[in-house]
Structure formats: C-alpha cells, structure tokens
Amino acid sequence: MEVNIAGTLLKLLQGNIVEQDVEAIVNAANTGLWGGSGVDGAIHSAGGPAIAAECRRIREEQGGCPVGRAVITSGGFLKARYVIHTVGPIWHGGRQGEDELLASAYRSSLQLAKDRGIKSLAFPSISTGAYRFPVERAAGIAMATTKDFLAAHPAAFKEVRFVLFTPAVLAAFEQALGKVLESAPAS
Ligand code: AR6
C-alpha cells in the first residue's frame, strides 16, 4: 500500500528492516542502547560493531536515550547510511502514558531525520514485540502520528516506509492507515 501525503510517499510493506535500501532505518532500541533481540538484534548483527561503538559513545556522553526520544548513528555495514535509534514504551496496560510515548518515539525519529536532511526512512513497528504494545493500537498511533507530521512538513522526505515483519502486522497497519485517511484524506 502506498499513498502520497503532502509530497512524501508513505509506503507499507512486509519485509526485514535491515535489508532496506533507504538512507536511514529506525531501530526499536532500549534506553541504554545496549542492543537486544528483535529489530535491535538484527540491526546490530547485520550492521557490525561500529553501531555498538557509537551507541557506547552516546551512552557515555548523554546516558543513552529516554523513552519517546531518538538518537542517530551510522549504519555500519548496512545498506542504510544511518540508524535512528528510538525507544518505545513498554506496555503496562495503557494508563501510564504509553500512547503518547509511542507517538513521541515516531515524531522524534521523523524530526531527527528531517533535521539531518535525510530523504528516505524506514520504520519497523516500534514497541509491538518484546515491549508488548498491542499491535492494532500501536498501528493507529504510528499512522496518525506519521500522517500528521508529513502533512505539517510538506515534502519533508521523498519516502517514508513502514517495514512490517508479518502479514498480520502489515494488515493492522494497512487498516490503520485506511482509517486515518478516511478522517482526513491525503493530498
Ligand atoms: N524487520 C522488521 N521487523 C522486525 C524484525 C526485522 N528484522 N524483527 C522483528 N521485527 P521488537 P520492541 C518486528 O521486539 O517491542 C529489544 O531487545 C517484531 O515482529 O524488535 O520495541 C530492544 O533492545 C515486532 O512487530 O521491538 C529493546 O529492549 C516489531 O518488529 C526491546 O527489544 C518490534 O519488535 C524493544 O522492543
């Protein structure tokens, strides 16, 4: 599925985030930037030790990355030149600000990419693996936040891609994007 929002192509597809041929891919990281499982593990193992070394430097300089924020490193051996590491919230039932923190993780990543002049960007579904955020709800937040950001910053990017690991997650994102566009059609 793809749609043009104020001059940026927004694409949803099934795939592996580490294989994407875009300028930056987004990592679903933890606050210590320690590397882990899921997307994080895949990025560090495909990208090599340069990424962990830069994460260590960020940890030493600023203590890591708070939930809802984002930091950037190079992409090491990845096709992507940069990795934007963002930290989504751990799901605790939905009454501890999880929705806003997840929206903030997407917004911070988009803003950091825009500030760096990055023109193509790929996201995974943040927080919906090890951090157990319910997928339908997370997809709604991801699509609404991204659409609002793109609409507010015309032609900020050439392309923003969501790379979803399974057919079920892709379907949740497609449905969520459909709903967001119904309430406010793309340009
Ligand atoms: N490409 C695209 N999506 C993937 C890939 C991949 N290679 N691998 C998994 N997914 P997760 P989180 C999907 O757990 O919930 C780590 O240990 C996966 O199916 O990667 O934000 C970090 O260090 C799910 O839909 O991220 C943190 O401690 C989604 O990506 C913690 O996990 C996110 O799953 C972050 O947990």
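Is S127 buried or exposed? S127 counts as buried, at 5% relative accessibility (buried means under 20% relative accessible area, exposed over 50%, partly exposed in between, with a 1.4 Å probe and protein chains only). The model is predicted: local features need pLDDT of at least 70, side-chain atom pairs count only at pLDDT 80 or more, and totals for chains, interfaces and linings use all residues. Residues are numbered from 1 along each chain as its sequence is written, and side-chain values use heavy atoms, with hydrogens and water left out.

**Overall fold**

- The protein chain has five helices and seven strands (DSSP runs numbered from the N terminus; helices are H or I with at least four residues, strands are E with at least two).
- Their order along the sequence is β-β-β-α-α-β-β-α-β-α-β-α.
- The radius of gyration of the protein chain is 15 Å, close to the 16 Å that the globule rule gives for 187 residues, so the chain is as compact as a globular protein of that length (the radius is taken over C-alpha atoms, and the rule is 2.2 Å times the number of residues to the power 0.38).
- The C-alpha trace spans about 45 × 35 × 30 Å along its principal axes.

**Burial, contacts and surface**

- Of the 187 residues in the protein chain, 51% are buried.
- Among contacts with a separation of 6 or more, 71% are between residues 24 or more positions apart (contact means heavy atoms within 4.5 Å).
- The protein chain exposes about 8500 Å², and carbon and sulfur atoms supply 52% of that area (Shrake-Rupley method with a 1.4 Å probe; for residues, only the protein chains shown count as cover).

- From strand 6 the chain passes through helix 4 (residues 135–152) to strand 7 in a right-handed β-α-β crossover (right-handed if, with the strands pointing away from the viewer, the path from the first strand over the helix to the second runs clockwise).

- S127 lies in the loop between strand 6 and helix 4; its phi is near 75°, a positive value in a residue other than glycine.
- A155 lies in the loop between helix 4 and strand 7, and its phi, near 55°, is also positive in a non-glycine residue.
- A155 is partly exposed, with a relative accessible area of 46%.
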